Amino acid sequence: MLNLKEKDRPIIRKLLAAGCCARCVLRFCCVGTCSSYRQSHEDLHKELLTFIREENCQQSHDASGQGETEDPPNKRMKMEDNISADDSITSGEPQTDSDVCPICLGVLQEFCDPTFVKQVSDAIKKEQYLFESLLLTVSLPAQLSVREHSCWLHVKQEVRQKSMCLGKDDVIQVKDAFKWAIQGKICQELGAAVLANSQFEVSVGFTHPETEEDCHFLATTCPDCFKPTKNKASVFTRMAVVKALEKISDENFTKHYPCPPKKPSSKCTALDTTCLHTSIFIAGRYNKFSRELPQTPWVIDGERRMDGSVEELIAAPLLSSFRADGFNFSSSGREDVDVRTLGTGRPFAVELLNPHRVKFNRTEIKQMQETINQSSDKIRVRDLQIVTREATSRMKEGEEEKTKTYSALIWTQKTISNTDLEFLGNTKNLKIAQKTPLRVLHRRPLAVRQRVIHSMSATYMDTHHFTLKLCTQAGTYIKEFVHGDFGRTKPNLCDLMKTDADILELDVESVDIDWPPQIPD
Ligand code: ZN
């Protein structure tokens, strides 16, 4: 049952006469019941015709009785205007060569049929995603908006007479009608639920080259709306067209474009169905035990410098488990190639792009961690867990205020005395100024950063070597603090000890961020 009202009759008559499809007629009658759109388009069409026939019968009945005076004269006139069109509709004869709806260009006709449902479902199945719900998105040719507007102007009077329906916005959108018609059927085919906030998005799209020029007149009536942009193939984007249609006067529109729109000879072409699952984030902490392993692939002038990287070692098993298309790696700070990260490790997060599987239990995640750890002795991962996108920001939050502890092997030119080491041990909250180090100047802007060395402790090794433990503000350049970077870091260890000094080895002992949460073994 379509639940059509007496007031819908003139709209239905007008739209059917213009060759519109049954679902477009329902849209313009503001029928908001999703299930109505699920009926086959032939059934809907039949039902609309029956509804109009009822009126015709009623009319002849009225004419033979005394009802004649009840019809206002203007309504009567309209009926007479349309009488020839009505004849062809009610007799069910095709009015033109094509049966393609001039508004939706066929989107709400054949593309709502089981064949198309099957086609989309098969395309989704082929991608082998594991999902429980999905969300359908539809992209329509921009000219559909022009045709919709033209049709709105065509029936505006009739629609406005309905108390429930006041403006163009009350007309059900093609997109919604299309989703109502097929979304449930696709989900049924796949055994999934329709969910408005589903992380799994299936996109279908349509093009209709035949009517592309429909939009072109808008560029002259509203040039402001169509500014060329870099990444768009055409200036006639849906957004721009909608904006232009909001600006154009009814009079100006009808001067340039027929109302109702002309029937096309062909229906839309469906674009390939595409699937996209929103990213999933997995976090943990990593140790790096090698002095020959960069955190990210090290490429200079297009040539790869070292084998492997922390991020690749971690991401490889994740990519295959989640069957993701790619990843983005981020961490709380980073260490140089020759620096180890010991202790409880450095927090990191991996964004897995378009994962095909996202549900894993604790044991399975633990297994992935094991796989990473067994793949190389250069790194080790702990506390591996799935987190939300929002939670990953905790890793970067207040990064500057956090402390990090380091252990460095130092060489000095002069013979080391106990007094030197005690002096270092007694130095607290030393403020230093660091100009961007020479070694990173090619990728970072020149700036002076203030940093704090909270505390130090030194352990004698031999006359020219000692181990220095440092607790510093995050972001301190430790190597530069030791050798001074040609005076670019002030004060530096050479200044403090009044000798030449260099750093031979450096380890990160701890990164003091309590994220991600620890996972008990
Ligand atoms: Zn239609």
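Cys101 and Cys104 are both buried (under 20% relative accessible area, 1.4 Å probe, protein chains only; exposed is over 50%, partly exposed in between). The model is predicted: local features need pLDDT of at least 70, side-chain atom pairs count only at pLDDT 80 or more, and totals for chains, interfaces and linings use all residues. Residues are numbered from 1 along each chain as its sequence is written, and side-chain values use heavy atoms, without hydrogens or water.

The SG atoms of Cys21, Cys24, Cys101 and Cys104 coordinate the zinc ion at 2.2 to 2.3 Å. Donors are N, O and S atoms within 2.8 Å of the metal (3.2 Å for Na, K and Ca). Along the chain, the donor spacing is C-x2-C-x76-C-x2-C. The site is tetrahedral, with angles of 105 to 113° among the four donor atoms (four donors, all angles between 85 and 135 degrees).

Most residues other than glycine have a negative phi, and most peptide bonds are trans. Leu105, not a glycine, has a positive phi of about 55°. Leu105 counts as buried because its relative accessibility is 0%. Asn354 has a positive phi near 45°. Asn354 is also buried, at 9% relative accessible area. Two cis peptide bonds follow. The bond from Cys259 to Pro260 is cis, with omega near -5°. The bond joining Lys490 and Pro491 is cis, with omega about -15°.

Technical notes
Four donors count as tetrahedral if all angles lie between 85 and 135 degrees; four count as square planar and six as octahedral if opposite donors are over 155 degrees apart and all others between 65 and 115; anything else is irregular.
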